Amino acid sequence: MKKTSKSSKDIISLFGSIQKVISTKPSTNQMLNEVQMMKFKIKPIKGDLMSFNLKNQQFIESLWSLGKLDEFFFKEVPTLSKKEKEVFMRIFDSLYFKYQQQLNESNLQERKINMSKTGLLEMEIYKERKLKKKIN
């Protein structure tokens, strides 16, 4: 029982460290540079991306935070036991969902564009990953 308590405490401190990283955001330009290095890809499903402001501060902050969470996830999950992963995933999912909602609520419409040109925008945002090859 103590081991679970200790593990939970370690996981909570892990999340404390990522929360600290996310809460001390760099400038919007620095976040934009980091987002570009994170290799996010944006694919329009509906609407014209050119009619929207993808450099919106809330959009960039949300995407940057999701990217930092993604890096955190792939760094920490392999080091956890099965029991720790269960606790980790519950906390991680709620935090990840928060930033996804924030991303969805970003207002990407430019004020200058008249309403007849804006319409809806639906896009897919994904991150390119290289798969590691196992050498036998």
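How many residues apart are F92 and Y96 in helix α4? They are four apart, so about one helical turn separates them. This is a predicted model, where local features need pLDDT of at least 70, side-chain atom pairs count only at pLDDT 80 or more, and totals for chains, interfaces and linings use all residues. Residues are numbered from 1 along each chain as its sequence is written, and side-chain values use heavy atoms, with hydrogens and water left out. Helices (DSSP H or I runs, at least four residues) and strands (E runs, at least two) are numbered from the N terminus.

**The nonpolar core**

- The largest nonpolar core has 28 residues, and F15, L69, F72, F88 and F92 touch the most other members. Such a core is a set of buried Ala, Val, Leu, Ile, Met, Phe, Trp, Tyr and Cys residues joined through side-chain atoms within 4.5 Å.
- Helices α1 (2–23), α2, α3 and α4 (82–104) each put at least two residues into this core, and α3 gives the largest share, with eight.
- F88 touches I11, F15, F72, F73, E76, V77 and L80, leaving aside residues up to four places away in sequence. Contact here means heavy atoms within 4.5 Å.

- F92 sits in helix α4 and counts as buried because its relative accessibility is 6%. The cut-offs are under 20% relative accessible area for buried, over 50% for exposed, and in between for partly exposed (1.4 Å probe, protein chains only).
- Again not counting residues up to four places away in sequence, F92 touches F15, L69, F72 and F73.
- F92 and L69 are 23 residues apart in sequence, while their C-alpha atoms are 8.3 Å apart in space.

**Aromatic pairs**

- There are eight aromatic pairs in the structure. Rings of Phe, Tyr and Trp (its six-membered ring) pair if their centres lie within 6.5 Å, with planes under 30 degrees apart called stacked, over 60 edge-to-face and the rest tilted.
- F73 and F74 make an edge-to-face pair, because their ring centres are 5.3 Å apart and their planes stand at 80°. F73 is buried at 18% relative accessibility, whereas F74 is partly exposed at 47%.
- F92 and Y96 form a stacked pair, 5.4 Å centre to centre with 25° between the planes. Y96 is partly exposed, with a relative accessible area of 25%.
- Ring pairs tie F15, F72, F73, F74, F88, F92 and Y96 into a cluster.

- On a 1 Å grid over the protein atoms alone, a pocket is an open set of points where a 1.4 Å probe fits, with protein on both sides within 12 Å along at least five of seven lines.
- Lining residues (an atom within 4 Å of a point) include L32, V35, K39, F40, F59 and L63.
- α2 (28–37), β1 (40–46) and α3 (57–76) are the elements that give two or more residues to this lining.
- K39 lies in the loop between α2 and β1 and is partly exposed at 44% relative accessibility. The phi of K39 is near 60°, a positive value in a residue other than glycine.
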